[in-house]
Amino acid sequence: MMRFMMTLLAALTLWAMPALAQGNGPLRIEITEGVIEPMPFAAPDFVSDSAAGQELGRNIASVIAADLSGTGLFRQIPSEAHISRITSFESPVQYADWRAVNAQALITGAVSTDGAGRIVAKFRIYDVFSGQELGSGQQLVGTQDGWRRIAHKVADQVYSRITGEGGYFDSRVVFVAESGPKDQRAKRLAIMDYDGANTQYLTDSASIVLAPRFSPTGDRVLYTSYETGFPRIYVLDVANVGRRELPTLDGTMSFAPRFAPNGRTVVYSLTQGGNTDLYTMDVGSGASTRLTTAPSIETAPSYNPDGSQIVFESDRSGTPQLYVMSAGGGEARRISFGEGRYGTPVWSPRGDLVAFTKQSKGRFHIGVMRTDGSEERLLTASFLDEGPTWAPNGRVIMFTRETQGAQGQASLYSVDITGRNLKAVPTNTGASDPSWSPLQN
Amino acid sequence: MTYLSKTLILCAGLALAACTNPDRFDNGNSVDLNNGAGAGLAGSAQDPTSAAYFQQAVGDRVLFEVDQPTLNATAQSTLDGQANWLMTNRDFTAVIEGHADEQGTREYNLALGARRANAVQEYLITQGVAPNRLRVVSFGKERPIEICSNEACYTKNRRAVTVLAAGLGS
């Protein structure tokens with residue numbers, strides 16, 4: 001198996017002019033105010049001395065542009081429209097030429113290979129209309145097959161400097177790759193870049209696998225597998241694909257695991273005698289603690305970012321609804337009160353919102369609400385949407401959409417928390433149960 | 001077909017009860033798991049001591065209302081037959097598989113299927129089947145037997161199936 005964590009020596013060498021204080025310039029997108037008109041930008045090919053380098057430079061620019069355009073917040077000015085050509089990274093930028101094509105942001109770069117065969121990329125971001133560089137230029141060093149990560153890191157910088165929000169492009173998604181018809185669907189774990197590139201399979205499809213979940217640092221994945229004939233929880237090491245089963249009681253089922261922010265504790269559902277309750281387990285020792293004792297269904301738990309609270313799904317009121325309780329258990333308070341059934345709540349990495357699945361009047365929705373249940377907003381509607389996962393910056397949600405009928409297939413979609421920019425995430429096969437990693441280092 | 005062959009190998013190796021489940025693959029696929037994996041389990045439907053007879057004549061499954069684990073009169077009658085058969089044919093154990101239709105989230109349906117399987121298990125035990133011969137598992141909405149997206153299919157998918165396995169100690 002290939003190494004996932006390439007050593008990206010983000011030396012971030014600052015060699016350019018002093019930085020503008022971030023966000024002080026006029027080049028600014030206020031995401032929260034609901035952008036209607038995407039910001040036009042130009043991302044010419046990164047320049048290079050060699051033919052191989054020029055192709056790499058073209059590919060890097062193309063991934064940067066796809067990342068930015070894919071947010072719906074930016075719009076690329078195609079290279080055919082450019083008046084000015086970037087032939088040297090160090091030459092002064094002809095602002096007038098970029099203003100003439102209405103490029104508000106300009107990203108330039110150069111790519112070369114160092115003595116050790118690594119890619120060295122430099123980039124600068126310009127605020128065209130104020131005629132200034134936006135922040136400092138940076139240098140990134142990575143392996144040859146890690147060029148897409150370099151591009152994602154540049155795009156994260158552009159996104160971050162212009163929106164003031166964290167980026168999310170240099171991230172991965174673990175999910176369930178699906179094939180075959182509904183009644184004999186084969187499922188296996190897969191991992192890919194957030195944009196669908198570099199897919200690798202982590203398990204075979206001999207057993208049903210469900211709902212993989214990244215650890216807080218992205219180094220491990222929890223998932224549920226039927227390989228013993230019964231659903232049990234496994235933890236998989238992403239780098240070497242080694243895996244082990246978490247301890248379990250005979251005659252029980254365990255599923256719906258999620259890591260606590262400490263990366264050591266797992267909260268999950270355990271079913272015994274037909275009753276499903278929430279438990280935690282210390283991954284190292286295997287010691288478990290029971291959190292709920294109700295005769296109702298308690299499942300789909302998710303921690304808040306500081307690990308002090310858990311949001312989960314329970315049908316103790318008669319229908320599935322969302323509840324919040326202390327991470328140690330105890331009394332829970334209901335937070336969902338709208339019409340319909342609520343499930344799979346996931347606390348946002350920013351801590352401000354809970355994403356959820358809602359079933360109402362025969363339709364499924366992905367929605368968000370504040371953590372006290374107020375300000376519920378539905379972002380999607382379809383025959384079957386479920387299982388939201390947050391982008392590292394808490395601005396975008398990815399989820400499973402399954403189509404109706406005998407030919408129904410599952411695929412991944414993403415949507416902004418504004419409800420805008422709903423789009424399919426490209427995958428090689430059918431796909432479900434995405435879990436978005438944190439930003440990579 | 002690697003999926004099928006791997007499953008067959010796994011089943012043969014573990015002699016796992018769930019592997020005789022006829023729901024797992026549709027019959028049109030011409031993979032006869034009863035001959036392959038469950039050697040000796042299936043037998044002829046004419047033989048009242050065979051797993052095939054249990055499946056077809058006794059009835060290996062009961063159906064449920066939306067979101068419910070309640071056993072109606074039809075289900076109880078089927079389970080009475082299952083209990084009688086199991087008490088007569090003591091060489092068999094069984095795994096009770098609970099299933100849900102596709103309306104609902106993955107996690108909730110797993111828990112709901114477990115409630116259904118458990119309701120069947122408890123009923124069979126009250127009818128006299130030894131608890132150590134019965135295990136339960138839920139597949140949630142992962143293994144529908146009918147694949148359309150309307151009530152005609154959903155009603156058949158909301159089920160608990162009693163899947164026979166080799167006997168105790170085997």
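**Chain B.** I looked up burial in chain B of this predicted model and found that 51% of its 170 residues count as buried (20 or more other C-beta atoms within 10 Å of the residue's own, with C-beta atoms placed from the backbone; exposed is 12 or fewer, partly exposed in between). I noted 6 helices and 4 strands in chain B, where helices (H or I, at least four residues) and strands (E, at least two) are DSSP runs numbered from the N terminus. From the N terminus on, I read the order of these elements as α-α-α-β-α-β-α-β-α-β.

**Conventions.** Residues are numbered from 1 along each chain as its sequence is written, and chains are lettered from A and ligands numbered from 1 in the order in which they are written. In this predicted model local features need pLDDT of at least 70 and side-chain atom pairs count only at pLDDT 80 or more, while totals for chains, interfaces and linings use all residues.

**Interface.** I found 39 residues of chain A in contact (C-beta atoms, placed from the backbone, within 7 Å) with 31 residues of chain B. Strands of chain A that give two or more residues to this side include S10 (209–214), S14 (253–259) and S26 (385–390). The largest share, 3 residues, comes from S14(A).

**A:Asp67.** I located A:Asp67 in helix H1 (residues 51–70) of chain A. A:Asp67 counts as buried because it has 25 C-beta neighbours inside 10 Å. Leaving aside neighbours within four places in sequence, I found A:Asp67 in contact with A:His152, A:Ala155 and A:Phe169. The C-alpha atoms of A:Asp67 and A:Tyr159, 92 residues apart along the chain, are separated by 9.1 Å.

Key
Two residues are in contact if their C-beta atoms, placed from the backbone, lie within 7 Å.
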